[in-house]
Amino acid sequence: MHVHPVEAAKKAVLRPLAASTYLRRNAGKTVPLTAVIMLAVLLISGIVSLINSIPYSIRTIYQYTQQTLAITPRGDAEQTPKLVADVKANAPVPIERIMLARAAGTQVVSIVGKWPFAVLALKQPDMQFWLDRQGVKSLDGRLPKAGEPEALISEPVARNLNLKLGSNLLSPNDNESFSPFPVKVVGIAKTPMWLMLTNYEYVKANHFPDVDVMLAFAHTLKDQDTLDRWASKHFKGERAQIFAYHQLEQQTDDMFNILYKILNVVIATLVFVITLMMGMLINIYLSQRLVEFGLLQALGYTKRQLLYRVLKETVSVVLIGWIFGVLLAYGLLRVTKAWLMDPRAFALDPLDPTAFLYTIPIPVAILAVASLTLIGRFQRFDPVGIVERRLV
Amino acid sequence: MIEAKQASLEYLDHGKVVYACRDVDLQVRDGEFLGILGPSGSGKSSLLYLLSGLKVPTSGEIIVDGKNLASMSDEDRSRIRLQRFGFVFQQPFLLGYLTALENVLLASPKDASRSNALELLAKLGVAEKSHRLPHELSGGERQRVCVARALLGNPTAVFADEPTAALDHRNGLQVVNLLSENRGTGSLVMVTHDPSMLERADRIVHLDDGRLAE
């Protein structure tokens with residue numbers, strides 16, 4: 001069908017001064033700028049997410065310790081009953097249960113190497129209570145029997161160590177996960193918590209040292225934290241070593257403090273370099289548009305209008321780049337989590353808010369530099385020089 | 001009416017004061033085609049920029065409808081240029097990423113102006129090219145688009161600074177005729193060094209060394 005050219009023009013016409021018109025018709029310039037911002041956001045959020053995955057992994061793997069206070073008598077078996085009596089008599093919150101436990105050592109695999117993990121050894125009456133406190137609703141298989149070389153693990157541990165029912169969790173041939181007899185997995189708990197459980201009697205008979213550990217449980221998590229913090233102060237300087245979740249958090253924060261300082265320097269440098277590069281690119285693009293600005297100003301557009309228009313274009317590019325960068329980063333982190341991390345039970349949060357907060361300086365810095373560049377150039381601008389072709 | 005009263009424009013050139021225009025008294029009457037003729041460097045363009053508010057006189061006044069352009073803010077002068085004046089420059093300045101029609105609409109970027117812009121492009125013989133980008137147009141076609149842009153919105157005055165400079169004589173004359181025929185009731189002030197371009201002018205003034213010649 002024949003279309004009259006004027007009719008065709010009517011359909012094709014865009015608002016000439018809209019920011020979207022410039023961005024659409026100059027995709028060769030705006031797409032690379034957007035892509036640079038996207039890649040910068042991807043890079044920074046990726047680095048931060050992966051670094052954060054380490055403390056996140058520590059907290060995830062050892063989260064089971066949040067449910068209990070563990071106190072060892074530093075090798076003196078006779079101290080344990082005294083510790084139990086002390087806690088019962090002086091604890092600042094009601095105690096729901098105190099139990100004696102043992103532990104065997106093994107390791108789990110993390111993104112930065114192997115980490116130690118305790119195979120907790122409990123007496124039969126305490127096992128179900130402990131599993132209930134960890135939120136375990138069901139399990140494949142069964143609980144370890146008293147005195148038998150048997151263990152129960154949770155799903156993340158099974159994935160991490162590639163274990164199934166019937167696999168050996170501990171073995172005489174394994175220096176890192178040693179036990180005099182092969183300790184077979186007889187149960188797998190369905191829970192996201194990392195758990196390893198065996199029976200008290202087997203560990204007491206076969207593992208060193210012959211010392212009981214005290215586990216104390218408060219009624220609520222809030223009380224548990226109060227109890228843990230009290231124990232840390234109460235037993236300071238005593239023959240007692242405290243294992244509590246708040247200590248783990250504190251140690252993790254301390255351990256990563258210097259790493260985060262280095263990370264801040266790296267990201268500040270990245271933001272600086274990217275902003276400098278973007279500022280230079282924006283400046284080059286502005287120089288290429290001097291005729292446009294001169295013409296528009298000569299026609300009667302004010303500097304303020306032109307500045308507002310160019311800032312709108314810049315804000316659009318920066319925001320689109322940032323938003324797509326965040327989406328791209330989220331997508332790739334999801335893929336990384338699904339393909340690389342989850343199969344090994346490594347922890348990674350694709351929606352880590354810190355990672356995305358770290359990217360905010362990019363659009364802010366670029367906008368600040370672009371605005372200052374624009375304002376500076378417009379202040380010195382002479383449209384007559386442009387239309388007389390003295391300045392081009 | 002636009003009136004220059006003892007308008008001068010001076011600037012410093014290596015520490016020496018140079019007059020682009022000196023004590024110019026001139027009236028641009030409503031609806032007239034005023035030609036400003038003079039050799040290169042005589043200050044023709046500077047006078048045009050003074051009359052149109054693109055430049056501010058260093059002394060004297062430029063009066064537009066009773067108001068002195070020199071005492072207005074830059075924003076107010078810009079508003080007058082956009083709403084009441086049209087411009088055609090030596091070079092056919094068009095924005096390369098806008099079509100011919102969109103370039104015309106720069107003078108009045110309202111949806112309601114679209115039919116007027118198309119009508120003007122049709123009158124100037126470039127309606128079929130209205131959807132083309134500037135690099136797809138010839139030099140003459142580009143300048144016609146610039147003329148359409150200058151005429152959109154029925155300005156009270158159109159200022160043309162050597163609009164034929166980049167065109168051959170035939171195309172140049174066509175552009176001048178188009179400006180003259182389509183300006184409606186508005187004035188046309190045209191600067192040129194070529195007297196043959198001012199055959200249709202109602203009045204011609206000569207400028208020499210920044211002063212109006214007798």
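**Burial, pairing and sides in a predicted model**

Visitor: Why is V88(B) called buried?

Guide: V88(B) has 26 C-beta neighbours inside 10 Å. A residue is buried if 20 or more other C-beta atoms lie within 10 Å of its own, exposed if 12 or fewer, and partly exposed in between, with C-beta atoms placed from the backbone. V88(B) therefore counts as buried. The model is predicted: local features need pLDDT of at least 70 and side-chain atom pairs pLDDT 80 or more, while totals for chains, interfaces and linings use all residues. Residues are numbered from 1 along each chain as its sequence is written, and chains are lettered from A and ligands numbered from 1 in the order in which they are written.

Visitor: Where is V88(B) placed, and which residues does V88(B) touch?

Guide: V88(B) belongs to strand β6 (residues 85-88) of chain B. Strands (E, at least two residues) and helices (H or I, at least four) are DSSP runs, numbered from the N terminus. Leaving aside residues up to four places away in sequence, V88(B) is in contact with C146(B), V147(B), A150(B), V158(B), A160(B), P163(B) and L179(B); contact means C-beta atoms, placed from the backbone, within 7 Å.

Visitor: What makes the buried residues of helix α5(A) lie on the same side?

Guide: The buried residues of α5 (residues 124-133) of chain A are D126(A), M127(A), W130(A) and L131(A). They cover an arc of only 135° around the axis, which puts them on the same side of α5(A); the arc is that of the directions from the helix axis to the C-beta atoms. An α-helix has 3.6 residues a turn, so residues three or four places apart point the same way. On the other side of α5(A), P125(A), Q128(A) and D132(A) are exposed. Among the elements that cover the buried residues are β2 (95-110) and β7 (183-189) of chain A.

Visitor: How do you know that β9(B) and β10(B) pair?

Guide: Two strands pair if DSSP finds at least two bridges between them. Two bridges join β9(B) to β10 (residues 211-212) of chain B, and these strands run antiparallel. D208(B) has R211(B) as its bridge partner in β10(B). In this hairpin, with two residues between the strands, D209(B) takes a positive phi near 55°.

Visitor: Why are β2(B) and β5(B) called edge strands?

Guide: An open sheet of four strands has the order β2-β1-β4-β5 (chain B), with antiparallel pairing. β2 (16-28) and β5 (67-68) of chain B each pair on one side only, and are the edge strands. Two bridges join β4 (residues 59-64) of chain B to β5(B), where N68(B) is the bridge partner of I63(B).

Note on methods
Contact = placed C-beta atoms within 7 Å.
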